[in-house]
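Please walk through the fold and the pockets of the protein shown below.

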Amino acid sequence: EELQRKNAEEAKNNLGKFNVSWYLSTCKGCSGVTAKGIDVRNTTKYQGYQIAATDWSVIPPYSIIEVEGYGQYIVLDTGGKILGKTLDLLVATKDEAYANGRQNLKVKLIRKGKGE
């Protein structure tokens, strides 16, 4: 019974595969401040988490997500091209962004929003 509940919870939190890319705070059209007002000109982290941009109708702001192979991120940003099951992960260098390219990765929801 406990295992069934745990498996059901796990399945609910598995959001499936997202098209993932990487971005810099200095990208074209980027201000260095996330849509939630966090200044990321000198950091890629907030409260110990890496920062992600999502479509807020799919994954709301302040959610904590786990991206397959890349760890946990907090959703603090969005963007005009971030629609549906797409995800942008903030990195510090252009080399890092280019090295990662664009990938289809599994995403798991750790906490939705501010934990409501």
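Isoleucine 82 is buried, its relative accessible area being 8%. Buried here means under 20% relative accessible area, exposed over 50%, and partly exposed in between, with a 1.4 Å probe and protein chains only. The residue sits in the loop between β5 (71-77) and β6. Leaving aside residues up to four places away in sequence, isoleucine 82 touches Ala53, Thr54, Asp55 and Asp88, where contact means heavy atoms within 4.5 Å. Valine 20 is 62 residues from isoleucine 82 in sequence, and the two C-alpha atoms are 9.8 Å apart in space.

The model is a predicted one: local features need pLDDT of at least 70, side-chain atom pairs count only at pLDDT 80 or more, and totals for chains, interfaces and linings use all residues. Residues are numbered from 1 along each chain as its sequence is written, and side-chain values use heavy atoms, with hydrogens and water left out.

Ile82 also belongs to the lining of the largest pocket, which is made up of 26 residues; Cys27, Cys30, Gly79, Ile82 and Asp88 lie nearest the centre of this pocket. A pocket is, on a 1 Å grid over the protein atoms alone, an open set of points where a 1.4 Å probe fits, with protein on both sides within 12 Å along at least five of seven lines; lining residues have an atom within 4 Å of a point. The volume of the largest pocket is about 480 Å³, a volume being the space filled by probe spheres set on the points, which are joined across faces, edges and corners. Both β1 (14-23) and β6 (86-90) supply at least two residues of the lining of this pocket, and β6 gives the largest share, four residues. Sorted by class, the lining of the largest pocket holds 10 nonpolar, 11 polar and five charged residues. In this scheme Ala, Val, Leu, Ile, Met, Phe, Trp, Tyr, Cys and Pro are nonpolar, Asp, Glu, Lys and Arg are charged, and the others, Gly among them, are polar.

The second largest pocket has a volume of about 230 Å³. Its lining includes Trp22, Tyr23, Cys27, Lys94 and Arg102. Here β1 and α2 (94-100) each contribute at least two residues. The classes in the lining of the second largest pocket are six nonpolar, three polar and two charged residues.

What is the order of the elements from the N terminus on? They run α-β-β-β-β-β-β-α-β, which comes to two helices and seven strands. Helices (H or I, at least four residues) and strands (E, at least two) are DSSP runs, numbered from the N terminus. The radius of gyration is 14 Å, close to the 13 Å that the globule rule gives for 116 residues, so the protein is as compact as a globular protein of that length. This radius is taken over C-alpha atoms, and the rule is 2.2 Å times the number of residues to the power 0.38. Of the 116 residues, 38% count as buried. Among contacts with a separation of 6 or more, 69% are between residues 24 or more positions apart.

Two loop residues remain. Most residues other than glycine have a negative phi. Glutamine 47, in the loop between β2 (45-46) and β3 (49-54), has a positive phi of about 50 degrees and is exposed at 65% relative accessibility. Tyrosine 62, in the loop between β3 and β4 (64-67), has a positive phi of about 70 degrees but is buried, with a relative accessible area of 18%.
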